Amino acid sequence: MDMVLGIDVGGTSIKVGLFTPEGELLDERKITTTELVSEQAFAAVTGAITEFIAEHDAGPEDVIACGLDVPGPVADDGTLGIIANVELDPKGFVAAFKAAFPQASIAFVNDANAAALGEMWAGSAKGATSCVVIAVGTGVGAGVVANGRLVAGAFGAAGEAGHVTVNRDETRQCGCGRYGCLEQYASAQGIVRTYLEECERRGVKPADVEHATDTLSVFRALADGDECAKYAVEVMCDYLGLVMSQISCIVDPELYLIGGGVAGAFDTFAPMLRERFDAYALKPSRAARIEVASLGNQAAMYGSAYEALRIRRESRTPSLD
């Protein structure tokens with residue numbers, strides 16, 4: 001039986017999805033990892049995955065495709081740029097999977113891009129030919145798919161929507177080293193910071209916010225009629241709608257999906273986001289649908305598996321030359 005692996009690489013663990021070539025998720029497993037920089041660490045991971053698929057009466061030779069996604073930009077040549085929160089030797093990691101699963105095509109993709117592919121394969125974007133999935137969580141990332149193909153960019157930075165400059169007067173420095181990035185306003189941290197700053201500016205007591213990314217408390221405050229919470233969400237929607245309108249000028253997708261932790265409040269802010277996108281977008285692009293992503297934290301597993309399958313199928317297609 002042919003098997004496909006989708007592997008979502010995180011800082012302290014990886015999530016492994018076992019799929020059929022048709023996209024059915026058979027099982028998934030979380031594997032705790034150490035720093036992925038040594039042969040010993042690679043062997044521990046591939047060994048655990050081999051044991052996992054053995055539970056389904058399969059061996060390494062049954063794996064026909066294996067997708068790996070990581071939290072960082074992956075260039076056309078497979079090299080990795082900046083990577084957040086993961087100690088990883090990408091060349092060694094990929095080589096270990098090639099050796100462990102010799103029949104498999106290997107894909108190595110950015111996690112946000114993988115999430116976009118996953119939503120198109122088996123999620124809310126199924127049937128669409130173009131979409132942009134925007135993950136709004138601790139940061140803001142995006143995956144772009146056009147004409148059914150991932151748009152990763154020559155240097156892997158396509159879809160870095162969180163680092164589009166939206167405020168040239170901003171004095172706070174973003175984690176990327178620049179200023180005025182969307183991430184400063186539309187991420188969970190940005191929403192909470194805007195809320196607390198607005199409370200201070202107005203001289204009012206804020207709701208109890210437990211931590212720097214506690215948007216749940218901000219949205220609860222909004223439901224209770226808190227004007228500062230309303231302001232913070234309006235700022236988020238205004239800047240996010242602005243960036244989406246600019247993406248439409250370049251890519252013009254038929255569908256935007258909002259994912260990430262903040263997507264849990266999608267029904268609360270969706271009308272506001274729709275209004276701001278329509279206000280900024282070119283008239284033809286206003287037909288784009290804005291919906292919530294459906295695969296949650298499984299999306300990248302699905303997408304990395306899909307990309308590995310695509311590579312396999314294209315490599316086996318006879319040339320017309």
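Reader: How many positive and negative side chains does the protein chain have, and how far apart do the centres of the two sets lie?

Author: Lys and Arg count as positive and Asp and Glu as negative, while His and the chain ends are not counted. Each charge is placed at NZ of Lys, CZ of Arg, CG of Asp or CD of Glu. Here you get 25 positive and 44 negative side chains, with the two centres 6 Å apart. One caution: this is a predicted model, where local features need pLDDT of at least 70 and side-chain atom pairs count only at pLDDT 80 or more, though totals for chains, interfaces and linings use all residues. Residues are numbered from 1 along each chain as its sequence is written, and side-chain values use heavy atoms, leaving out hydrogens and water.

Reader: How many helices and strands does the protein chain have?

Author: Helices (H or I, at least four residues) and strands (E, at least two) are DSSP runs numbered from the N terminus. The protein chain has nine helices and ten strands. Its radius of gyration, taken over C-alpha atoms, is 21 Å, close to the 20 Å from the globule rule (2.2 Å times the number of residues to the power 0.38) for 321 residues, so the chain is as compact as a globular protein of that length.

Reader: What share of the residues counts as buried?

Author: Buried means under 20% relative accessible area, exposed over 50%, and partly exposed in between (1.4 Å probe, protein chains only). By that scale, 52% of the 321 residues are buried.

Reader: How many disulfides does the structure hold?

Author: A disulfide is a pair of cysteine sulfur atoms within 2.5 Å, and this structure holds zero. For Cys-176, the nearest cysteine sulfur is that of Cys-181, 3.7 Å away. Cys-176 is partly exposed, at 34% relative accessibility. The sulfur of Cys-228 sits 3.8 Å from its closest cysteine sulfur, in Cys-199, which is too far for a bond. Cys-228 is buried, at 2%.
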